[in-house]
Amino acid sequence: MDAGGKAAFRAGYAALIGKPNVGKSTLLNAMVGQKVSIVSNKPQTTRRKVVGVANGPGYQIAFIDTPGVHEAKTQLGRVMVEHARMALAEIDAVIAVVDGAHHPGDIDKQIAAIIEASAEGTPRILCMNKMDLLKAEDVQRNVDAYTALFGTNDYMLTAATQGVNVDRLLGMIVDLMPEGEPMFAEDEFTDQSSRFMAGEMVREKILEATRQEVPHSVAVMVDSWTDSPELTHIGATILVEKASQRGILIGKGGQFLKSVGTKARTDIEAMLGRSVFLELHVKVQEGWRMSPRILHELEYGD
Ligand SMILES: Nc1nc2c(ncn2[C@@H]2O[C@H](COP(=O)(O)OP(=O)(O)OP(=O)(O)O)[C@@H](O)[C@H]2O)c(=O)[nH]1
Ligand SMILES: [Mg+2]
């Protein structure tokens, strides 16, 4: 409170960290109030740090979405886990996001250790997401296990897809933010370029429609962007690792690629607020996940 009794503005950074597929990006989008980070039912959807800004009465929180922490087997995987670790530096709150419907496993223990090592002393909140899948008889057992593991009694059960308890979680996070001025302008809701987001929207549509190794083998590179008075022409190359994957992505008579293109174009048009012509090509680039140069070009590197 200031001398006039008015609560001071709160502003700060909060990082979401957890296993792949627990719902970190879904939560981020729900708290920001718009689609910032892509979501899919495949693990390892998010591949780099993504900032999404939530503005509300008396506060601004810059949320940092991170790639799911996993046992990395490729250079891409190592870079992703490093992004998650780096996101814990110089923040005001750590939000450990878990799949509340399942008991903690080895990776959760590793994540607790990473938080301990990289964000010691930073306030932490446990978010037990997917509560819609949590059986009543498991609630106490899982709450006890996760709060003990992450060393906090501050937890919230959420169902991010339905928006359940997201406001309450947000309220807990606001309370942890220091007093300060907003860091971002009102209309600045992410640190990602429109170009990067357009590529992500294409990748999201591919993740939704493919299985097994294919989602992990796909990357999207936006290689041309031309604004004309009527529309924006975007050219993007979809990288895959094998000729067979190229076949899957093109599909019979080009149908698969056409369908991905149509869905992604709709999202990109909504983001840009103008008509888009989206031109997609599929290219085989063996071993791109091991190439620091290509990872850098894809903006996944440092
Ligand atoms: N049933 C249920 N599903 C959810 C909930 N929150 C997210 N999901 C789903 O879980 C899947 C993963 O969501 P994401 O937000 O992409 O998960 P993530 O933690 O960002 O995953 P990575 O980026 O791979 O680390 C998607 O299919 C979501 O729709 C929830 O509360 N309940
Ligand atoms: Mg994600």
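The model is predicted. Its largest nonpolar core has 79 residues, and 23 residues surround ligand 1.

**Nonpolar core**
- Ile-17, Phe-63, Ile-95, Ala-96, Cys-127, Ile-173 and Val-202 touch the most other members of the 79-residue core.
- Domain 1 (10–176) and domain 2 (194–297) each supply at least three residues to this core.
- Leaving out residues up to four places away in sequence, Ile-95 touches Ala-14, Ala-15, Leu-16, Ile-125, Cys-127 and Ile-173.
- In soluble globular proteins, nonpolar side chains tend to be buried together.

**Ligand 1**
- The closest residues are Gly-23, Ser-25, Thr-26, Thr-46 and Gly-68.
- H1 gives the largest share of the shell, with 3 residues.
- The shell holds 12 polar, 8 nonpolar and 3 charged residues.

**Lys-35**
- Lys-35 sits in the loop between helix H1 (24–32) and strand S2 (50–56).
- Lys-35 is buried because 20 other C-beta atoms lie within 10 Å, and 20 or more is the cut-off.
- Asp-267 is 232 residues from Lys-35 in sequence, yet their C-alpha atoms are 9.8 Å apart.

**Positive phi**
- Most residues other than glycine have a negative phi.
- Lys-130 has a positive phi, near 60°. Its loop runs between strand S5 (124–129) and helix H4 (139–150).
- Lys-130 counts as buried because it has 21 C-beta neighbours inside 10 Å.
- Gln-212 also has a positive phi, about 50°. This residue lies in the loop between helix H6 (194–209) and helix H7 (214–217).
- Gln-212 has 8 C-beta neighbours inside 10 Å, so it counts as exposed.

Key
Residues numbered from 1 in each chain as written. Chains lettered and ligands numbered in written order. Predicted model: local features only at pLDDT ≥ 70, side-chain atom pairs only at ≥ 80, totals over all residues. Helix = DSSP H or I, 4+ residues; strand = E, 2+ residues; numbered from the N terminus. Buried ≥ 20, exposed ≤ 12 C-beta atoms within 10 Å, placed from the backbone. Core = buried A, V, L, I, M, F, W, Y, C linked by C-beta atoms within 7 Å. Domains from an automatic or database assignment. Contact = placed C-beta atoms within 7 Å. Near = placed C-beta within 6 Å. Nonpolar A, V, L, I, M, F, W, Y, C, P; charged D, E, K, R; others polar.
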